[in-house]
Amino acid sequence: MHVFSRFRLRNILQLASSFAAAALVLACIVLTCSQPANALPAFARKYGLRCSACHESWPMLNYFGQKFKDNGYQLMNDRDAPIWQNPGYWPVTFRITPIWHRVSTGKVPIDTYASNGVGGSVMTGTAIQRVTSSGFDLSGLDFHTGGTLEKNFSFYVLPSSNNAASFHFETVMARLDNLFGSSWLNVKLGKFELDNLLSEKRILTLTGNGGIYQLYHFVPVGDGNIFGKMGDNQLGVEVMGHSYDDRTRYSISLLSTKDGQPALPYGNAYTGYFAASQAFDTGKLGVQRIGVYAMVGQAPTYFLTSGGALFGGANGTGPSAIGNKSFSREGFVGQFYFGQHLDLQVVTQHGQDSVWFGQGYGDLIDGVATSNNTPGTTLFAGSKAPTWNGVLVEPHYVYSPQLIFIGRFETIRMSQQANGSGYVGPAGPSPGNLGNISTYTIGYRYNPFMTSRAGFAWHNEYNWLHQDGTGPPNPTTGALTNINTSELLLGFDFDF
């Protein structure tokens, strides 16, 4: 009986795997007919490995690649220190993506015109319509360099530009590895990606809405808090540790609440980020990993003024911001493998912002919020702390190291609006679904070659996003309308 049960379970798993793979393949073929990352061929060149040694499909890491990263970009052998490398070796990689894409946005208010009778025209009002554009384009340029300064002294620097060649520092960090001879103690200082198991910086998708994880950046409608965005690189210090086989991992980060930007215009506001995970072997199915994370912090709502103007501001001569209020993001992460070809990544999130952020107080310097929480300010009766729940599900079917099919579904649902029932402010109560998001992404990446010198991918992707209540008001009823946006993208993603 036990043998029969195992045999039946194995058949069910194989059938589910085949069905999911076939569905992804079919969807990608149908659609094809109708962002920065940290993949470094430099590391492969240094150690004489192919890119597939560390990547399930570049830039997404496999288990070995995650362990290499956790070790501070070291294999823990005599070749780690740069003194043992060829003097001509330079750990640098360029990445840029030429693309063609088509973007369609629904319910855009567009001005309408009529003849004025004398050879000209006058604006007569607005019409709500869908706007579609297409053409050839470029991504920004990433200039990666990283590795070891000496054994157990690691670094990573990433100057990055947008598609108009406007540069900034995406990553600048140095790390002390294996302090006191222990893999459980590593310290990183600088600007870096948070320890998200599902990394947005190694994301496999490139469209405007599909090239980010919406769950990592979600902000309720009218909310003034920009500081809880888990997907953005942050400035701070991180203590990280792991077991020798990398099955058990933890990280603790302390961040200054400025969303990764330099200078000190926001005063003394800090955020803590904690992540921990455990992996376990399930035989032929693969190594599974489950984890938890929490981001808990404070951000300002009161900005000091001098002579009526903001004190300090973006010049960083502050502190210019006080009146800190709290926010939090916490959830579960899972990485599940079903044999050599199929895997499933899952992230959940419960988020909450202070009632002050919900009423539009927050980043006054960058113009995100327009109200200043000066002494004596009071909130309207019925104001509430906005809260929400979300889930992200991302399956991959790895046909081979050269070909991967990608799918993703994300949904975010408000559980409490800032202007809930009983709110008596000028805007009135908000609909319960205001700002809810649902988005779907499917695509594939084909790598005709994968070497230690360079990477190249033929990338095809489609994304569709729906958000409730963020469109222009209905001209007849005045009710808020929903927005649907879609993007089809084809391009060459390459690095050297």
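Does Leu 176 count as buried, partly exposed or exposed, and what is the relative accessibility of Leu 176? At 37% relative accessibility, Leu 176 counts as partly exposed, a class that lies between buried (under 20% relative accessible area) and exposed (over 50%), judged with a 1.4 Å probe and protein chains only. This is a predicted model, in which local features need pLDDT of at least 70 and side-chain atom pairs count only at pLDDT 80 or more, while totals for chains, interfaces and linings use all residues. Residues are numbered from 1 along each chain as its sequence is written, and side-chain values use heavy atoms, with hydrogens and water left out.

Turning to charged pairs, a salt bridge is a side-chain nitrogen of Lys or Arg within 4 Å of a carboxyl oxygen of Asp or Glu, and by this rule the count comes to eight. One of them joins Asp 195 to Arg 249, with the closest N and O atoms 3.1 Å apart. Asp 195 lies in the loop between strand 9 (186-192) and helix 4 (214-217), whereas Arg 249 belongs to strand 11 (residues 248-256), so the pair ties together parts that are 54 residues apart in sequence. Helices (H or I, at least four residues) and strands (E, at least two) are DSSP runs, numbered from the N terminus. Both Asp 195 and Arg 249 are buried.

Another salt bridge forms between Arg 408 and Glu 394, where the closest N and O atoms are 2.7 Å apart. Arg 408 is buried, with a relative accessible area of 6%, and Glu 394 is also buried, at 1%. Finally, Arg 95, Arg 445 and Asp 493 are linked in a network of salt bridges.
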